[in-house]
Amino acid sequence: MAKKQKKVGIDQIHMQNAIKTLAANIRFASVDDPIRSIVVTSSVPNEGKTTVAISLAEAIASSGSSVLLLECDMRRRSIANSLGIHARSGVYSVLCGQTALADAMVATGTRGMYFLDSEPHIPNPDVLLSSKRFRKMVDAALDSFDYVIFDTPPLSAFVDAAVLSTVADGTLLVVGQNVVRRDELASSHAQLEKAGANLIGAVMNLCKSEKSEYYTEYYSRGGDDSNAPAAPVNAPTSQAVSKPSSPRPVARKASRTAGAPRQAAPAQQNPAAAQGLKPIPQTSAKIAPDTTAQFIASIQPGSKK
């Protein structure tokens, strides 16, 4: 039993490090034009896209940035149950003008991470996601948050993710090992390309950890504190940090000057306003071996397995 719990702890460490690496790769994907709004989708159900979306939002918030997680899988909502929170209002109320965005979103257990739920049984979600009101709501969210993450339905079932990919800065395609077939994955990639999505990467999920035995031993064995220096007798006691009066981040009105460093506190940051959507240039340049397109091309029918 103890060995099983130990293995679970190691797997959690691997998962956390993988998500932190994913968040760092997103930050470094485009330095001049940062990717701040991200669509998370998959080809078929049960590939773990919602888990990836939640974990990515938590990792970004833990790094000191503010993030808003949107429930855009309006036909099969699951984020609220996963987070264990309940919202009185959702996306539809905000778009109808019945509720302000600041009143509809709720705080999560992770500091700097907020959640905007979706009402059930919304008619024609794809039309709603492509509306001008939804784009304005996203722009307003980016004025208050450093990042906005959308959890969307699978591409094989609905077109919502492809529609929303034209609104967001980038799209992540979650690939569940031994869950999705090659032809389904290739079809999803073609659908995103046809929509003009900025596919920034594929996230392999539900796969066996390939960390080396030295990595596992390093974290499972623990350190030797027998020779550690003793704490000073008159060490100052830590004081609890008081919570801000308002649980929601205040919208930033002033734009951050280009080249100026970001501040540590998310509520005091002044990121640049969201730029207009730009079509992805079609070039004939060679594809780098580590790009998502090359990864998809490698699994096309007729390629070597």
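By a nonpolar core I mean a set of buried Ala, Val, Leu, Ile, Met, Phe, Trp, Tyr and Cys residues joined through side-chain atoms within 4.5 Å. The model I am working from is predicted.

Entry on the core. I looked up the largest nonpolar core, which has 28 residues, and noted that Leu68, Leu70, Leu116, Phe134, Met137, Phe150 and Leu164 touch the most other members. Among the elements that give two or more residues to this core are β2 (67–71), β4 (113–116), α7 (132–144) and β5 (147–151), and α7 gives the most, with five residues. Another core, of 26 residues, lies apart from it and includes Ile38, Val40, Ala57 and Ala80.

Entry on β4. I checked both faces of this strand and found them covered, with Met113 and Phe115 buried on one side and Tyr114 and Leu116 buried on the other. β4 pairs with β2 in the parallel sense over four bridges, and Leu116 is the bridge partner of Leu70. Leaving aside neighbours within four places in sequence, the contacts of Leu116 include Leu68, Leu101, Ala104 and Met137.

Entry on the hairpin. β4 also pairs with β3 (residues 106–107), here in the antiparallel sense over two bridges, with Val106 standing opposite Phe115. Five residues lie between the two strands of this hairpin, in which Gly112 takes a positive phi near 90°.

Entry on Asp151. Is Asp151 buried or exposed? I count Asp151 as buried because its relative accessibility is 0%, and its place is in strand β5. Beyond its neighbours within four places in sequence, Asp151 is in contact with residues including Lys49, Thr50, Leu70, Glu71 and Asp73.

Terms used. Residues are numbered from 1 along each chain as its sequence is written. This is a predicted model: local features need pLDDT of at least 70, side-chain atom pairs count only at pLDDT 80 or more; totals for chains, interfaces and linings use all residues. Side-chain values use heavy atoms; hydrogens and water are left out. Buried means under 20% relative accessible area, exposed over 50%, partly exposed in between (1.4 Å probe, protein chains only). Contact means heavy atoms within 4.5 Å. Two strands pair if DSSP finds at least two bridges between them.
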